[in-house]
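Subject: Structure for your reading

Dear colleague,

My notes on what was found in it follow.

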Amino acid sequence: MDDAQLTGSEIVLKVLVDQGVDVIFGYPGGAVLPIYDALYQQDAIRHILVRQEGGAVHAAEGYARSTGRVGVVLVTSGPGATNTVTGLTDALMDSIPVVCLTGQVPTHLIGNDAFQEADTTGITRPCTKHNYLVKSVDDLARVLHEAFYVASSGRPGPVVVDLPKDILQAEAVYTTSRQTRHKTYRPKLKAEPDQIEEAVRLIAGAKRPIFYTGGGVINSGPRASRLLTRLVRMTGFPCTNTLMGLGGFPGSDPRFIGMLGMHGTYEANLAMYNCDLMIAVGARFDDRVTGKISEFSPGSKKIQIDIDPTSINKNVMVDLPIIGDVGIVLRQIIKRWEEGQCRADEKALGKWWKQIRAWQGRDCLSYEMSDTIIKPQFALQRLYEHTKKRDVYITTEVGQHQMWAAQFFKLEKPKRFMTSGGLGTMGYGLPAAIGVQIAHPDALVIDIAGEASILMNIQEMSTACQYRLPVKIFILNNQYMGMIRQWQDLLYDGRYSESYSASLPDFVKLAESFSAVGLRAEKPDEVDGVISEMLATDRPVIVDVVVDQMENCFPMIPSGAAHNEMLLGPDDKTKTPVSEEGMVLV
Amino acid sequence: MEEEVNKHTISVLVDNETGVLARVIGLFSGRGYNIESLTVAEVDKRNSVSRITVVTSGTPMIIEQIKAQLSRLVPVHIVSDHTEEGPHVERELALIKVACSGEKRVESLRIADIFRARVVDSTNRSFVFEITGATEKLEAVIKLMTPLGLIEVSRTGVVAIARGDQSIASGNKSI
Ligand SMILES: Cc1cc2nc3c(=O)[nH]c(=O)nc-3n(C[C@H](O)[C@H](O)[C@H](O)COP(=O)(O)OP(=O)(O)OC[C@H]3O[C@@H](n4cnc5c(N)ncnc54)[C@H](O)[C@@H]3O)c2cc1C
Ligand SMILES: Cc1ncc(C[n+]2csc(CCOP(=O)(O)OP(=O)(O)O)c2C)c(N)n1
Ligand SMILES: [Mg+2]
């Protein structure tokens, strides 16, 4: 039986099954018809038909981010493959494990400008962790297994496997079993004992410490979050998360001081600026986080735990780099801390917390309520209150609504917040929500959206409806590309060039046209009712929340400014004009 | 933070598979790193391993990034920074075509002799010299040959190897 000849397509599916894959997201086309035919003849793998290949990658990302497993995509050659480029880049920037199978013209036609030929490995080389072109059916199984290993180990990322059609039709014996090692690629997971020693010494001696934790905590798995929570509680230090790290530490814990960075809290940014010890855990000192590099946390010693040496000393020099997996290194630190019966400097910490509480007193997320207009923050606060007792999965699009979601949703667990951080891809949220809902059929999944972003992948409503996925799309409709308008307010004297969302569809009717449910709230007192109705509906729902068109997202560190130069509200704006240097930054 | 820009010679052992050179070059161009020279050839046929030697320059922080980025590429086995790791030999080969006659012809042969360049082709109006050595030596020859009628140069770029009894293959890739 084992020596039976299988076609390339059958081998592809066999590898998927051996890798534990039970669902893939895809879209057919000529080059992958053999795989689609093989899919038709089996039931082990479920195929979710998206409506555009870009949606397939984001769905796979949502699936992967919410489960910790590899998301799998199947698309055809040429336009199918090129449509995946944005999603692949997104997954690369946010370290999401995705295996993307692309069809290719038969090997003898490669390079001939054949119908639907594109140089897929050439195009995707810079936007994948690695990619392969399979040239012989005998390599197929090995390459596919390797692709899963590379995608999911070390710092996760997207891997493309380009599959010429003749390879899919050729036959070979399937022999390779699931492989766990690559010839040369071997991530380092454990810290050296002297590094742990030094880390513990620094932690014990710190007077104004802070944990700055990121997406690496989520990547490392739920155990890493538990260990982080334990270490933060043991030491009593404050903890701030990056956008990608939200949920890695419980949002309701009093030691959590909110997100940091451009739209982070006053207290988190000032604590970063004034700390004497920064412990960066799976966070990569992104420019959205550091602000002006030369004034970033000027007086602190910095420890950085990261699995990828390229994340270390890239933007910010650190004093103690520790290359390893967050979960493993945190366990090493905790063990050493307990064995040595170490104690934090409680007296100094008391003073530090007093200072932090004073900063928190500024209540930086407060906003002016209105009786007549729905404030976007209010809508999100109400959404949070209605859902906080449930195990809710949030995805977002990109813009102001994304930042408000990050500020107002206290996430208790990892893998619950799916957002496009590094690339900032509008249109990510809906397909990602679909992927999350596929992975967690009974969970509450909400895409917090803007009216502009949602239109970028609105076709995926059709997917949600076809598979009866009860995703909830909560649109904060300000009729503007709000984030763009905000920058135009701040930097271009309010010249709103092309940032108005004209000719919007009627989102309620739009929902209905997909046979989903459409709801609308126009007044603050309608918000609760609409949310309740949304939550009571076991079908896809689009909620059109008509919000204040002019509300801006604060706090904000203008680009090129430092952490202690935050703008706290609209009246703050004239105070710190953005520098010329800042104007060129994104 | 040091801002000093230094030249580094780095050897990279890679699996000799399609696209691997594009990956390395794409890394340099995509991230805006310098390439002053780059050579590549298979060095281990049985295991299908190639060696890339790249001469690059940057601040210490950039050089550290370059090495980490190279190590992160899946088909890369080993990255070795000769400039950092100590005594090593660097060599480059150039073929230099000089077209001249009379006194200049004699002079070009004299210079070739001083620098131990070999004549590998000759017509009554030209020579092709082969010269091996450190980059500076090649440059000196080229400079001296230019007024004598140098019309074409072909260079390999730098290859390097550490001095002593240790092999690069005993180093480990850590990512
Ligand atoms: C409109 C907009 C505004 C934004 N504003 C903000 C903002 O105000 N604040 C903010 O924080 N972000 C903001 N972002 C997001 C920002 O661009 C970055 O995506 C984000 O800050 C990066 O998060 P991170 O540092 O946690 O890194 P990630 O991109 O999540 O990277 C994870 C790091 O952990 C490492 N890692 C991965 N797995 C492991 C492991 N198992 N063990 C150890 N290490 C591991 C990786 O090598 C990497 O270095 C914004 C984005 C957008 C689109
Ligand atoms: C694909 C893509 N194109 C352009 C941008 C630039 N951009 C960032 S936010 C934004 C506006 C988003 O508007 P909307 O979805 O309505 O959200 P809001 O800011 O109003 O909440 C734009 C255009 C982007 N991030 N992604
Ligand atoms: Mg908007």
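I begin with ligand 2, which has 17 residues around it, the nearest being A:Gln400, A:His401, A:Gly424, A:Ser453 and A:Gly482. A residue is counted here if one of its heavy atoms lies within 4 Å of the molecule.

Before going further, please note that this is a predicted model, in which local features need pLDDT of at least 70 and side-chain atom pairs count only at pLDDT 80 or more, while totals for chains, interfaces and linings use all residues. Residues are numbered from 1 along each chain as its sequence is written, chains are lettered from A and ligands numbered from 1 in the order in which they are written, and side-chain values use heavy atoms, with hydrogens and water left out.

Ligand 2

Several polar contacts reach this ligand; the term stands for a pair of N or O atoms within 3.5 Å, and within protein one must be able to donate a hydrogen and the other to accept it, while residues adjacent in sequence count only if both atoms are side-chain atoms. A backbone N or O atom of A:Gly482 lies 2.7 Å from an oxygen atom of ligand 2. For A:Tyr480, a backbone N or O atom is 2.9 Å from an oxygen atom of the ligand, and a polar backbone atom of A:Ala452 is 3.1 Å from an oxygen atom of ligand 2. Taken alone, ligand 2 exposes 590 Å², and the protein buries 78% of that; such areas come from the Shrake-Rupley method with a 1.4 Å probe, and for residues only the protein chains shown count as cover.

Helices H17, H19 (451-454) and H21 (482-491) of chain A each supply at least two residues of the shell around ligand 2. Helices (H or I, at least four residues) and strands (E, at least two) are DSSP runs, numbered from the N terminus. By class, this shell has 8 nonpolar, 8 polar and 1 charged residues. Nonpolar means Ala, Val, Leu, Ile, Met, Phe, Trp, Tyr, Cys and Pro; charged means Asp, Glu, Lys and Arg; the others, Gly among them, are polar.

Ligand 1

Ligand 1 is surrounded by 36 residues, and the closest are A:Gly215, A:Thr242, A:Asp306, A:Ser311 and A:Asp325. In the side chain of A:Asp325, an N or O atom is 2.7 Å from a nitrogen atom of ligand 1. A nitrogen atom of the ligand also lies 2.8 Å from a backbone N or O atom of A:Leu260, and an oxygen atom of ligand 1 is 3.1 Å from a polar backbone atom of A:Met262. The protein buries 97% of the 990 Å² that ligand 1 exposes when taken alone. H10(A) gives the largest share of the shell, 4 residues. The shell divides into 12 nonpolar, 17 polar and 7 charged residues.

Backbone details

Which bond joins A:Phe554 and A:Pro555? It is a cis peptide bond, with omega about -5°. A:Pro555 lies in the loop between strand E20 (541-546) and helix H24 (580-583) of chain A. A:Ser297 has a positive phi of about 35° although it is not a glycine, and this residue is found in the loop between H13 and strand E13 (301-306) of chain A. Most residues other than glycine have a negative phi, and most peptide bonds are trans.

Chain B

Chain B has 5 helices and 9 strands.
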